[in-house]
Amino acid sequence: MAKRNYLEDLVNSLTQGELKKLSFYTKNITSKKNYLEILDDIRKNKTSKRQKYDNKYAQQRRYLYNIILESMVQKVQDDTIEGKIFFYIKSVNYLLSKQLLEQAYDIINKALNIVRKYEMFGYHLAILELEKEARLFTNDSKHRTDNDITEEEKKLITFQKELQTIKLIYSHILTHKKKYGFMDPQQWLKLKNDTIQMGLKSSADSYQTNKAKFYYYYSQAILHLLGHRNTDAFNFGRKILEVPKTSLSKFEILQASLDYSSLALEAGYIQEVLKVTSGVTKAYKRGEFGSFDKTGLQIFYYCANHDILSYVFEGQKEKLLQKIAEAEIEYKKWENKIPLGMKIIITTGFIIGYFAVGELKKSIKRIQFILQNQRAGLRLDAYEGILIYHLLTIFDKNDISFLENESRKVYYYFKYRYLESKNKEVKTKKNIAHLLLQFAMYRISKKEMLTEMIRIILDWFKENNGYAEIEYPYLIWANSKLQNKTFIEMAAEMSKVYLKKLN
């Protein structure tokens with residue numbers, strides 16, 4: 001059957017009820033309805049005045065064919081790949097009900113080309129089921145055999161199982177990230193061994209599909225981040241973005257980009273952070289990620305914090321002040337929709353930003369908000385980082401008696417909470433609190449305190465590829481006090497030494 005007869009066969013199969021449905025549907029679309037003349041000609045069995053299929057006439061026939069299918073299956077306006085496949089699946093079911101087998105096969109093959117390209121395993125299996133149903137009515141040799149279809153199903157089931165396993169591993173690691181933030185060496189090794197026991201393969205090359213490779217790199221990036229292996233985590237993050245985008249949903253692309261900016265921040269690649277946040281923000285404004293509030297809030301959550309920290313670390317005061325002002329406006333816009341746990345994390349960015357420009361009152365106000373809501377879903381490492389800023393703001397206010405009281409609390413918090421822990425980052429914070437306590441008790445001088453603080457932080461840096469994002473501002477602060485410079489001036493100088501760039 002020639003494809004040019006598809007339209008005639010479809011039109012001639014329509015019932016009176018379906019013709020009414022088509023008429024109602026076409027009233028709500030384009031004003032120019034020249035294609036309806038073709039419909040009338042076919043229904044009246046008239047020969048078209050056109051003696052040949054010129055491009056315009058062929059285009060009108062294709063349009064009419066699609067309009068008929070859209071009206072019969074009640075197509076939802078969804079321009080995504082998933083929306084297109086869903087329309088194809090409903091169209092095939094409709095055509096099979098009409099016994100228009102060749103037309104059904106034609107759409108099945110179009111759908112298969114898409115799901116293979118985009119690795120849409122669930123839809124892929126559903127379309128293979130439709131192909132098997134179509135074969136019930138024909139054994140035509142030009143179509144695939146049942147064995148051919150079964151072989152493809154077996155591969156898909158293998159791919160699906162592989163993907164489910166690596167996504168389960170990814171979720172397991174992500175749960176630990178949300179709970180702990182960072183982990184001591186023993187915890188980290190246990191988590192790593194757990195992932196191997198769960199089925200994590202030795203390399204990305206061991207996985208058969210691009211989507212599985214994507215989640216392998218993602219799992220490794222977060223896993224290494226939790227163990228303070230920031231350079232390895234960043235390199236895995238770069239691999240995430242190299243996976244072909246055709247295999248990924250828009251949500252996966254967005255989340256991967258935002259998490260890559262986190263990995264770049266942790267490793268000190270600040271220009272990469274700003275490049276990603278700028279790109280994501282522009283893409284969102286173009287509508288590439290939809291207009292859902294959840295997506296907009298997610299982008300604000302990442303980009304506001306990361307941009308503020310990036311400008312702090314680079315010592316760019318004007319850009320920092322501008323970003324803080326923009327973020328404050330955006331925060332008020334979203335405030336009633338932000339979950340408390342997320343609200344607290346966003347607040348940490350404001351704390352560091354205001355601290356960096358010497359706005360102590362604004363920084364202290366937000367520190368108090370976090371201290372009052374420490375059990376509201378805040379990641380433990382973030383809360384413990386704010387404890388140190390709490391002490392530094394007290395030092396900057398020159399309130400020695402209060403510093404003694406608060407530094408003692410913070411010191412004992414770390415000492416007794418982590419009695420047997422070998423977490424070097426926790427030990428670094430504990431030692432900083434102890435130094436501030438010793439200074440407040442007049443046991444060491446300001447210079448001794450600052451010099452030792454710098455030594456302690458740099459000692460931690462040596463075990464962390466020469467950089468640690470959370471402790472970096474403490475190092476800037478200590479150097480600024482020792483050299484009698486503003487925080488921002490010191491940050492600008494130190495950025496040339498500590499911040500990294502890609503080759």
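How are α8 and α9 oriented to each other, roughly parallel or roughly antiparallel?

Reply: The model is predicted, and what follows is computed from it. Helix α8 covers residues 146-180 and helix α9 covers residues 185-198. Their axes come within 9 Å of each other and cross at roughly 160 degrees. Angles over 145 degrees count as roughly antiparallel, and α8 and α9 are therefore roughly antiparallel to each other. The hand of this crossing is right-handed.

On the α8 side, the contact is made by Thr165, Leu168, Ile169, His172, Ile173, His176 and Tyr180. Helix α9 contributes Gln187, Leu191, Asp194, Thr195 and Met198. Sorted by class, the residues of this contact are six nonpolar, five polar and one charged.

Helix α5 (residues 81-97) and helix α6 (residues 101-118) have axes that come within 9 Å and cross at roughly 155 degrees, which makes α5 roughly antiparallel to α6. The crossing of α5 and α6 is left-handed, whereas that of α8 and α9 is right-handed. From α5, the residues in contact are Ile81, Lys84, Ile85, Tyr88, Ser91, Val92, Leu95 and Leu96. From α6, they include Leu101, Ala104, Ile107, Ile108, Ala111, Ile114, Val115 and Tyr118, along with Gln103 and Lys110. The contact of α5 with α6 divides into 14 nonpolar, two polar and two charged residues.

The pair α18 and α22 is arranged in another way. The axes of α18 (residues 380-396) and α22 (residues 472-482) come within 11 Å and cross at roughly 15 degrees. An angle under 35 degrees counts as roughly parallel, so α18 and α22 are roughly parallel to each other. Their crossing is left-handed. Gly385, Ile388, Tyr389, Leu392, Phe395 and Asp396 of α18 make the contact with Pro473, Tyr474, Trp477 and Lys481 of α22. By class, this contact has seven nonpolar, one polar and two charged residues.

The structure holds one cavity of 30 Å³ or more, and the largest cavity has a volume of about 40 Å³. Its lining consists of Phe182, His228, Asn230, Glu266, Glu425, Asn464, Ala468, Glu469, Ile470 and Glu471. Three of the lining residues are nonpolar, three polar and four charged.

To return to the part you asked about: α8 and α9 cross at roughly 160 degrees, with a right-handed crossing and a contact that holds six nonpolar, five polar and one charged residue.

Key: Residues numbered from 1 in each chain as written. Predicted model: local features only at pLDDT ≥ 70, side-chain atom pairs only at ≥ 80, totals over all residues. Heavy atoms only, no water. Axes fitted to C-alpha atoms, helices over the stretch in contact; angles between N-to-C directions. Helix = DSSP H or I, 4+ residues; strand = E, 2+ residues; numbered from the N terminus. Parallel < 35°, antiparallel > 145°, perpendicular 65-115°, else oblique. Left-handed = near helix turned anticlockwise from the far one by under 90°. Contact = heavy atoms within 4.5 Å. Nonpolar A, V, L, I, M, F, W, Y, C, P; charged D, E, K, R; others polar. 1 Å grid on protein atoms, 1.4 Å probe; cavity = no way out; pocket = protein on both sides within 12 Å on 5 of 7 lines; lining within 4 Å. Points joined across faces, edges and corners; volume = space filled by probe spheres on them.
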